[in-house]
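Thank you all for coming. Please have a look at the structure on the screen, and then I will take you through a few of its features.

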Amino acid sequence: MKIQESAENYLEMILILTNQRGQVRSIDIATELGFSKPSVSIAMKNLRMNGYVEVDDNGHLLLTDKGYQIASSMYERHNLVTKLLVHIGVPHEIAKVDACKIEHDLSKESVSKLKEFLSDK
């Protein structure tokens with residue numbers, strides 16, 4: 001099932017912040033992405049209702065298996081595209097921003113070929 005790009009970005013950010021900090025709350029997402037707390041709260045409610053995220057008793061966001069699969073796929077794509085762009089000479093910070101725009105539309109075949117190409121780089 002295809003979900004909206006914004007939902008993919010939220011899930012990816014939950015994964016990244018969880019890996020960095022161990023725990024993440026909605027306010028952390030809002031701060032990191034520069035969005036308002038109410039906007040993030042609405043997004044988290046939608047992600048919870050669709051089974052991508054759970055919230056524990058302390059307000060920490062937890063990815064469900066379904067949410068984790070999407071988040072890790074987006075994160076992998078982001079890293080692959082960033083690595084490719086840097087490899088061809090794009091400055092790292094620009095490559096990260098551009099990768100965020102590209103990662104959502106790549107086919108599985110393209111991701112597979114990127115992995116293959118970049119495995120020895």
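Predicted model: local features only at pLDDT ≥ 70, side-chain atom pairs only at ≥ 80, totals over all residues.

I begin with Glu93, which is exposed, with a relative accessible area of 52%, where exposed means over 50% relative accessible area, buried means under 20%, and partly exposed lies in between, as found with a 1.4 Å probe on protein chains only. Residues are numbered from 1 along each chain as its sequence is written, and side-chain values use heavy atoms, with hydrogens and water left out.

The side chain of Glu93 meets that of Lys96 in a salt bridge, 3.6 Å from N to O, the term standing for a side-chain nitrogen of Lys or Arg within 4 Å of a carboxyl oxygen of Asp or Glu. Lys96 and Glu93 are three residues apart in helix H5, so about one helical turn separates them; helices here are DSSP runs of H or I with at least four residues, numbered from the N terminus. Lys96 itself is partly exposed, at 33% relative accessibility.

Helix H5 also holds Asp98 and Lys101, again three residues apart and separated by about one helical turn, and their side chains meet in a salt bridge of 3.8 Å, N to O. Of these two, Asp98 is partly exposed at 27%, whereas Lys101 is exposed at 54%.

How many salt bridges does the rule count? The count comes to six. One of them joins the side chains of Glu32 and Arg21, at 3.8 Å from N to O, and because Glu32 lies in helix H2 and Arg21 in helix H1, this pair ties together parts that are 11 residues apart in sequence. Glu32 is partly exposed at 42% relative accessibility, as is Arg21, at 45%, and a network of salt bridges links Arg21, Asp28 and Glu32.

Let me turn now to the largest pocket, which holds about 460 Å³ of space. The closest to its centre, among the 19 residues that line it, are Glu12, Met13, Ile16, His78 and Cys100. A pocket here is an open set of points on a 1 Å grid over the protein atoms alone, where a 1.4 Å probe fits, with protein on both sides within 12 Å along at least five of seven lines, and lining residues have an atom within 4 Å of a point. Helices H1, H2, H4 and H5 each supply at least two residues of the lining, with the largest share, eight residues, coming from H1.

Glu12 is buried yet has no salt bridge, and the nearest side chain of opposite charge, that of Arg77, is 9.5 Å away.

Cys100, finally, has its place in helix H5 and is partly exposed, with a relative accessible area of 28%. Not counting residues up to four places away in sequence, Cys100 touches Asn9 and His78, while Cys100 and Lys83, 17 residues apart in sequence, lie 12 Å apart in space from C-alpha to C-alpha.

How values were computed. Points joined across faces, edges and corners; volume = space filled by probe spheres on them. Lys, Arg positive; Asp, Glu negative; His and termini not counted. Contact = heavy atoms within 4.5 Å.
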